[in-house]
Amino acid sequence: MKRFLNQGSLMLLIAVSLPAADTARLENRRLRVEVDRADAAVRLLDKETGEAWALGAPRLVMQDKSTATIRPSGKVTERGGTVRYRTEQGIEFQLQLLANPPSVEYSFDKAPPNVAEVLLVDKGLALGPGVNNYYALPVRMGILLYPEGEKPYTRRLANYAGYSMAMLGVVKNGSALLTTWSDPYTTIVVDYAVEPRKNLSLSLSLQKSARSVRFEPLGRGGYVEIAKAYRPVARQRGYLKTLAEKMKENPGVARFFGAANFKPFAFVRNVPNTRWNQTDKERLNINFTFEECADLAEHFARDLGIDRALLVLNGWINGGYDNRHPDVLPAAPEIGGDRGLMECSRRVHALGPGWVFGLHDNYQDFYRDAPSWNEDYIMKNPDGSLRQGGVWAGGQAYLICSRKSVELASRPQNVPRVKELFKPDLYFSDTIFASPLYECFDPKHPMTWVDDLHYKTQLCIYLRKEVGLFGSEEGREWGVAHSDYFEGLMSHKTRWQQQRPNDDIIVPLFEIVYGDAIPMYTHQSDRPRIDAPNYVLDHVLYAEMPVYDFGTHRYWTGTQQPQRQRGVDESRTVFARGDRFSDRRDQFIKNTYEVLSPLGRVTALLPMTDHRFLTPDRKVESTRFGTDVNITVNYGEADYATPRAVLPQYGFIVESPTLIAFYARSYRGLKYDDPALFVLRSMDDRPLVSSRKVRIYHGFGGNQVEFRGKVLKVDREQVISGAEQ
Ligand SMILES: [Zn+2]
């Protein structure tokens, strides 16, 4: 018996001492890192949840595409909170424990030139199926990938094109891990296998200047906690600058709060033999003269009561939309020329500070038929040839090297003269946050991705300084601090239901990190038809403002073709209901603006603090902004009941101290046979319960609404002032 016990004790001793001998270990209160001394495999333990994260061992991808496994060639040392080892290829790897927040920095020093990539994580962080197992990836707005589906796949997200933020999250058994990096030469590779079992795994490929990745275990949590944990990292990197902070430098930023985006495509020239114009003849399209652009703004301001908006002109430039850049002046003579545009600017400014007058321009594309065409400005391929961009209305574009873009934009005949003539409040310079980062091989202006990011930022800084307000296409985190709006990122949410095949689950990662730092619009090509209620719900849910659709010329006078929208699905025209306007597009704009603009103002300075899917089919979603703005939207066919409302399909409810808005079948016990749209809005910033001025807007449906314990009948709108209480 005694002998048996001794053997047992001995085995126990061995079991305890073996890992200590074979792994180097770093540990603090919150986490533990173990590095296998034999094969360099890394294991990370979240001590709060007990979850272990297997990062595996790094692997090298050589220039000839062969791969090499890493083995420590000498001692794996551990000193001063850092584990170090050197490989037989001569690369030193380090894992350093960081205290605040508790995390580990995993890095290596310079790799030899025959190494093309270092896979710091090589098919690690694996996940099997489970409701609390997923990757949260910064693809555009953000997506969740679960280990599910019948088809294996590999997804590479690279270079601030595949990802919008330099981070990702892994959730395993409800335990969350945040991974971040700072160099754009870091690529995320996700592999999904179905054999021998369903399994997601992740690799992080570091090239060129990329050297490190940070891992931060977050305890129990999901994608919301991951996005929130990234905010301080984003701030540290200079990417997060809130609107409240921007307002201190430029109070004009507040002109975006609740501002609808109207972008008339005034004049479009399609050169022949492109996918846009397959004929042999040039095609000109005049949708608005400059005079009609001003009429349009006045129509929205006076007839619809739109009191906060952007009017950003497309196709004002000399050759027509997307033609002959960068030679934009004089303004297109076909629609009124310089004098016409000056007068348009004057009339829009006369509408007051609620209306922002903007111009759409481009300092990334150069066209060969531009009078100032000069190859010196163009980005070069490794073989010295000119770097082609897309084929647009004006034909083949060539990409301007971003090291040269400020030089072009600041020529006397560009931004300085445009400013002088037309006094724009806002400049939109196309494609900056939509295109990937580029390398340029022109020996006169060579450029890495890191350089491109720097010089593109310089262009943003220049345009913003010159004009005041500035924005560009799509949206990336590195643009947040240096621009005033993004146009495109919201389309990730609005278009997902139409795009097939697309099983990505969209979540507002970007919105949680940066929602109180930059207004986000959809792409200019993504405008809601009157039968697009999902588009409206998406904007209610994320509290963002739309890019509206409207007719051409003076469409509202009824002299033009009334509806260019053919094949309208009447079952989906809910938000175009009402009798204020004969043109249903105007009715749609009015109803949705009355909801979205006040919501945009209430939430502008508040971060999104929560997001949830409320039903297993993910057809009902809720968000929260700050502590007390709560929003629920119902995309599904079935009714959904919240504590105070019943939401039909396309129903929503916004509840906050100063704003209540809903499209509901019932609210506060008041039932609507015909579901109603109401907005109750405090006009003096006091809570609705004590406000001395409350505006009630009734869009359509039942006309009764409960307010301060009374049932009011509101046909269109009513202002309740203190005296009536
Ligand atoms: Zn260059």
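**Notes on the predicted model**

1. Overall dimensions first. For a chain of 725 residues, a compact globule would have a radius of gyration near 27 Å; the protein chain comes out at 28 Å, so the two agree. Please keep in mind while reading on that this is a predicted model. Along its principal axes, the C-alpha trace spans about 100 × 70 × 45 Å.

2. The protein chain holds 44 strands and 12 helices. Buried residues account for 50% of the 725 residues. Taking contacts between residues at least 6 apart in sequence, 64% of them link residues at least 24 apart.

3. The core deserves a look. The largest nonpolar core contains 214 residues, and A136, V540 and F662 have the most contacts inside it. Helix α2 (residues 223-236) supplies the largest share of this core, with 8 residues.

4. Which residues does A136 contact, once its neighbours within four places in sequence are left aside? They are G142, L144, L168, G169, V171, Y223, I226, V507 and L509.

5. Next, a helix pair. Helix α4 (residues 290-303) and helix α5 (residues 337-349) have axes that come within 8 Å and cross at roughly 10 degrees. Angles under 35 degrees count as roughly parallel, and α4 and α5 are therefore roughly parallel to each other. On the α4 side, the contact is made by F290, E291, C293, A294, A297 and E298; on the α5 side, by G340, L341, E343, C344, R347 and V348.

6. Four strands form an open sheet in the order β1-β2-β3-β4, with antiparallel pairing. Its edge strands, β1 (23-27) and β4 (51-56), each pair on one side only. On average, neighbouring strands of this sheet are turned by 15 degrees against each other, direction ignored.

7. Within that sheet, β2 (residues 31-36) and β3 (residues 42-46) run antiparallel and are joined by 5 bridges. L31 has D46 in β3 as its bridge partner.

8. Strands β33 (residues 608-613) and β34 (residues 620-625) are antiparallel, with 5 bridges joining them. F613 is bridged to E621 of β34. What lies between the two strands of this hairpin? There are 6 residues, and R618 in the turn has a positive phi of about 60 degrees.

Terms used
Residues numbered from 1 in each chain as written. Predicted model: local features only at pLDDT ≥ 70, side-chain atom pairs only at ≥ 80, totals over all residues. Pairing = 2+ DSSP bridges. Core = buried A, V, L, I, M, F, W, Y, C linked by C-beta atoms within 7 Å. Buried ≥ 20, exposed ≤ 12 C-beta atoms within 10 Å, placed from the backbone. Contact = placed C-beta atoms within 7 Å. Rg over C-alpha atoms; globule rule 2.2 N^0.38 Å. Axes fitted to C-alpha atoms, helices over the stretch in contact; angles between N-to-C directions. Parallel < 35°, antiparallel > 145°, perpendicular 65-115°, else oblique.
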